[in-house]
Amino acid sequence: MFHKALYLVTDMYGCPNRCRHCWLGHMPNRAMEPGADAWLVDYFKPDFETVVFYSWLREPDFCDGYRARWERDNALSVGGKPERFELASFWRLVRDLDYAGFLKEVGVKQVQLTFFGLEELTDRYTGRKGAFQELLQATEILLQHEIAPRWQAFLNEENKAEVPALLGLIKTLELEKRCRAFGEDFKFFVHAGSCDGENRKLYPIRIEKAHIPEELRPYYLDYSRVLTEAQCCERLRHSTVHEIPRSEDRIVLNISNSFDVYFNFTHMTEGWRIGNLKTAPREEMIRRIVEEDIPALTLAREITLGQLAERYGDPLSEKAFFLEDYQSYLLNRYIEDRLG
């Protein structure tokens, strides 16, 4: 029996969006078979004292019976309970008059909403016509229920001139004042995102640090830690350290709707796949999870960050990165070269 808590984050219903920033990568939408939730928990219960079940990997509450679904997630969990965080379905907020009330009941105080600029760009990057207007409607619905909207924007070279317009929209809608009226703070922040999953495909238009608009810098997430790619290369040039992500106090597994399993370190690609719960021997799957024995991590032990930077880094690039995100980007470059 393993004492480290196990969290099962499961793509039971899919997602209405096809966001171009999604760090998980795009997956087909299909509902999992009836009873898949209990089967998954039962699969792991003999070996883990704590098994916490989440029925959503992408869009929270993307099922009609979301209230019963939340109660079932809690009932299935052993030794711990799922949390709500600041995530909710803006798709459902504008289509279900009861949904905001449900969020309030389960203790949600803030909900994150994602923009990519104004209407045309946000619709295109979300992958769905009407997404921008729905985000504005969702903002109003949340405020009416005294839940604070939390706006984030992903910034790149294509939208850098348009994202600052969100500051004017925030002022026009009086979001800070309206949130303070019920004792919550309105939050707005921008960032470039990690460089894995779908966002990896946007590397050619990743924002350069010098191009981050001056008016957005106070809102840029951890701006003091932002480096250029050239600075990242210089810092890593002589490093003998290996980029090996690890599960620390808990093991979090991302489970696809076809029962493929991945650690939640980065995107869900073949090199990071632990195996399939339906086809691989159970004892072997438990061993791989506990020992973190997967192809990607085996490759990570073969090459240092200095070697990765030399092989894949661009020492002339001014693109903006956090160092840890850049390290993951370099490692994924190597894994893709080796595994295809």
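This is a predicted model: local features need pLDDT of at least 70, side-chain atom pairs count only at pLDDT 80 or more; totals for chains, interfaces and linings use all residues.
Five strands form an open sheet, arranged in the order 2-1-7-8-9, and the pairing among them is mixed. The edges are taken by strand 2, residues 51-54, and strand 9, residues 273-276, and because each of these has a single partner strand, one side of each is left without a neighbour in the sheet. From one strand to the next, the twist averages 25°.

Now to the spaces inside the model. How many cavities of 30 Å³ or more are there? The count comes to three, and the largest cavity has a volume of about 90 Å³. Its lining includes His21, Phe116, Phe154, Asn199 and Arg206, and by class the lining of this largest cavity has seven nonpolar, three polar and one charged residues. Turning to the pockets, the second largest pocket has a volume of about 230 Å³, and of the 17 residues that line this pocket, His267, Met268, Thr269, Glu270 and Glu336 are the closest to its centre. Sorted by class, that pocket's lining has five nonpolar, seven polar and five charged residues.

The side chains of Glu270 and Arg273 meet in one of them, at 3.2 Å from N to O. Glu270 counts as exposed because its relative accessibility is 55%, over the 50% cut-off, whereas Arg273, at 25%, counts as partly exposed.

Finally, I would like to look at helix 10, residues 282-291, where Glu284 and Arg287 lie three residues apart, about one turn of the helix. These two form a salt bridge in which the closest N and O atoms are 2.8 Å apart. Arg287 also forms a salt bridge with Glu291, with the closest N and O atoms 2.7 Å apart, and this pair, likewise in helix 10, is separated by four residues, again about one turn. Glu291 counts as partly exposed at 47% relative accessibility, as do Glu284 at 24% and Arg287 at 27%. Through shared partners, salt bridges join Glu284, Arg287, Arg288, Glu291 and Asp293 into one network.

Technical notes
Residues are numbered from 1 along each chain as its sequence is written. Side-chain values use heavy atoms; hydrogens and water are left out. Two strands pair if DSSP finds at least two bridges between them. Helices (H or I, at least four residues) and strands (E, at least two) are DSSP runs, numbered from the N terminus. Axes are lines fitted to C-alpha atoms, for helices over the stretch in contact, and angles run from 0 to 180 degrees between N-to-C directions. On a 1 Å grid over the protein atoms alone, a cavity is a set of points where a 1.4 Å probe fits but cannot get out, and a pocket is an open set with protein on both sides within 12 Å along at least five of seven lines; lining residues have an atom within 4 Å of a point. Grid points are joined across faces, edges and corners, and a volume is the space filled by probe spheres set on the points. Ala, Val, Leu, Ile, Met, Phe, Trp, Tyr, Cys and Pro count as nonpolar, Asp, Glu, Lys and Arg as charged, and the others, Gly among them, as polar. A salt bridge is a side-chain nitrogen of Lys or Arg within 4 Å of a carboxyl oxygen of Asp or Glu. Buried means under 20% relative accessible area, exposed over 50%, partly exposed in between (1.4 Å probe, protein chains only).
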